[in-house]
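Please look through the sequence and the model below before reading on.

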Amino acid sequence: MRTVIVGAGSAGLEMACMLGRDKSRADDDVILVDKGPTHIWKPLFHQVAAGTLNSFQDELSYLYLGRRNGFRFELGPLKGVNPDRDRVRLGALHDQAGEVALPERVIQYDRLVLALGSEVNDFGVPGVKEHAYFLDSREQAEGVHRALLYELARASVMQRDQRFDIVIVGAGATGVELSAELSYALDVVRDYGAGVDRERTGITLVEQAPRVLPPLPEDLAGAVQKSLTEALGVNVECNAGVAQVNQDGVVLNDGRELKARMTIWTAGVKGPGVLAESPTVETDKRGHVVVDRHLRSTGDPRIHAIGDCAAIPMADDGGLVPPRAQAAHQESAYLAKRILKGDTGAGGEPFLYRDYGSLVSLANYTAYGKLFSGGTRSLSIDGWMAKAAYKSLYRGHQKTLLGYPAMMMGVLVDRLRKTVEPSLKMH
Ligand SMILES: Cc1cc2nc3c(=O)[nH]c(=O)nc-3n(C[C@H](O)[C@H](O)[C@H](O)COP(=O)(O)OP(=O)(O)OC[C@H]3O[C@@H](n4cnc5c(N)ncnc54)[C@H](O)[C@@H]3O)c2cc1C
């Protein structure tokens, strides 16, 4: 039996490791596909963008992880799914001269798991694609970092009447955490003596809803917003819809203009466009794969979808499971368990998403969280305790990929690195 998992992010990679490691399935074949050769956990992308995390140090090779965990890896972008013939089609890989390094390929599957994540949604706002930066892939996060370094160089020689402003559109967790991380980066650059006058730099966070972090509890969002504005000096503009993005910044629906050298769009996501090339995989109006509560595609029970690319019904209220790493982890664990039991039919316990709470990190400064134990009671935390809980999410992911001893070694190595390396990557 061959299981092909397409997309090696939080959901797909964890699942490949869980399936591949199970020795009782020696005859079974697990193939993991991704368009890139290495993995960086997506919730770290805002740190890659700001330069507070070195992506070259934290990345893990899929080939290595496959060797370690017992799955095969195929490099290439998904181009389409053909369920009639149980095949997925992968695009070619080109070298720097444009020559084909790996040709187009088809891979046969007995069971297919789609775990492609999401794509940026510009909601049709003019100028977003042309003038905004995004944070949806490692390349985009590194692109933000490169642009930031050039802008900092420019800012170090700017005239007295000039400013370096960054506008971030969308105050969900990604936008909020990015604004804090960039604020920290600007502080560090000032301390490095790079000649950038902090008084003439600014970060504005724009949100259409009345407050930051719209899907999260109000008291948590309130504490975060207060900290952003009062302690970090981020300018927060709520009730502010964006009408247009241009090379000078953004124009709001009420006609106001926010000048910016860099505009970063973190306002929303949609399903992967490639699924439109596979009409037999049913998607909803935002391009997510429609699945039942056993995570099976409604169109074909041999196709499953997990993570951000899937529209997974909640148990009770008709809503959908939120696009979060926490949910991706639960979905991959649920589906791996079912596959390992040989039970991927319509029977058995359906997937039940458990919200264990929310954690928001404000760079090195602080973090806030609200934890749920499963019932109605909750615990609000902040400071070092919230920071430790936030970091434990990444450690949990590393543990699934590498095992407990290697994860603990990683903690030690990171501590040692901190003592010898600068806190900001300036190259
Ligand atoms: C900056 C940032 C901060 C975040 N912080 C948090 C947080 O604190 N807590 C939290 O719970 N969630 C957070 N999230 C959300 C979280 O990262 C996602 O919900 C989670 O990564 C979804 O996992 P996934 O496997 O579905 O998608 P991803 O992790 O995005 O993985 C998708 C994979 O599919 C691959 N892929 C895509 N298209 C193709 C193709 N055509 N062919 C082959 N491969 C393809 C990609 O290369 C990628 O490896 C954050 C997101 C961002 C951007």
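**A helix and its surroundings**

The buried residues of helix H10 are Ala 386, Lys 387 and His 397, where a residue is called buried if 20 or more other C-beta atoms lie within 10 Å of its own, exposed if 12 or fewer do, and partly exposed in between, with the C-beta atoms placed from the backbone. Helices (H or I, at least four residues) and strands (E, at least two) are DSSP runs numbered from the N terminus. This is a predicted model, in which local features need pLDDT of at least 70 and side-chain atom pairs count only at pLDDT 80 or more, while totals for chains, interfaces and linings use all residues. Residues are numbered from 1 along each chain as its sequence is written.

H10 runs over residues 383-402, and its 20 residues reach 29 Å from the first C-alpha to the last, close to the 28 Å expected at 1.5 Å a residue; the expected span is 1.5 Å times one less than the number of residues. Its buried residues pack against H1, strand E24 (357-362), strand E25 (366-372) and strand E26 (378-382), and two residues count as in contact if their C-beta atoms, placed from the backbone, lie within 7 Å. Just after H10, Gly 403 takes a positive phi of about 90°.

Helix H6 (residues 138-155) has 18 residues and spans 25 Å from its first C-alpha to its last, close to the expected 26 Å. Which residues of H6 are buried? They are Ala 141, Val 144, His 145, Leu 148, Leu 152 and Ala 155. These residues cover an arc of only 100° around the axis, which puts them on the same side of H6; the arc is that of the directions from the helix axis to the C-beta atoms. The face turned away from this buried side carries the exposed residues Glu 139, Tyr 150 and Ala 153. What covers the buried residues of H6 includes H2, strand E13 (164-169), H7, strand E14 (201-206) and strand E19 (262-265).

**Domains and ligand**

The protein chain is divided into domain 1 (2-118 + 271-340), domain 2 (128-265) and domain 3 (357-420), with bounds that come from an automatic or database domain assignment. The centres of domain 1 and domain 3, taken over C-alpha atoms, are separated by 25 Å. Their contact takes nine residues from domain 1 and six residues from domain 3. On the side of domain 1 that touches domain 3, H1 gives the largest share, four residues, and the residues of that side divide into six nonpolar, two polar and one charged. Here Ala, Val, Leu, Ile, Met, Phe, Trp, Tyr, Cys and Pro count as nonpolar, Asp, Glu, Lys and Arg as charged, and the others, Gly among them, as polar.

Of the 34 residues around the ligand, Gly 7, Gly 9, Gly 117, Gly 307 and Arg 324 come nearest, a residue being near a molecule if its C-beta atom, placed from the backbone, lies within 6 Å of it. The elements that give two or more residues to this shell are helix H1 (10-21), strand E2 (29-34), helix H2 (45-50), helix H7 (173-192) and helix H9 (325-340). By class, the shell has 18 nonpolar, 10 polar and six charged residues.

**Some single residues**

Most residues other than glycine have a negative phi. Asn 239, however, has a positive phi of about 50° although it is not a glycine, and Asn 239 is found in the loop between strand E15 (235-237) and strand E16 (242-246). Because Asn 239 has 13 C-beta neighbours inside 10 Å, it counts as partly exposed. Leu 295, in the loop between strand E21 (289-290) and strand E22 (303-305), has a positive phi near 65°, and with 24 C-beta neighbours inside 10 Å Leu 295 counts as buried.

Val 81, in strand E6 (residues 78-82), is buried, with 25 other C-beta atoms within 10 Å. Not counting residues up to four places away in sequence, Val 81 touches Val 88, Leu 112, Ser 278 and Val 281.
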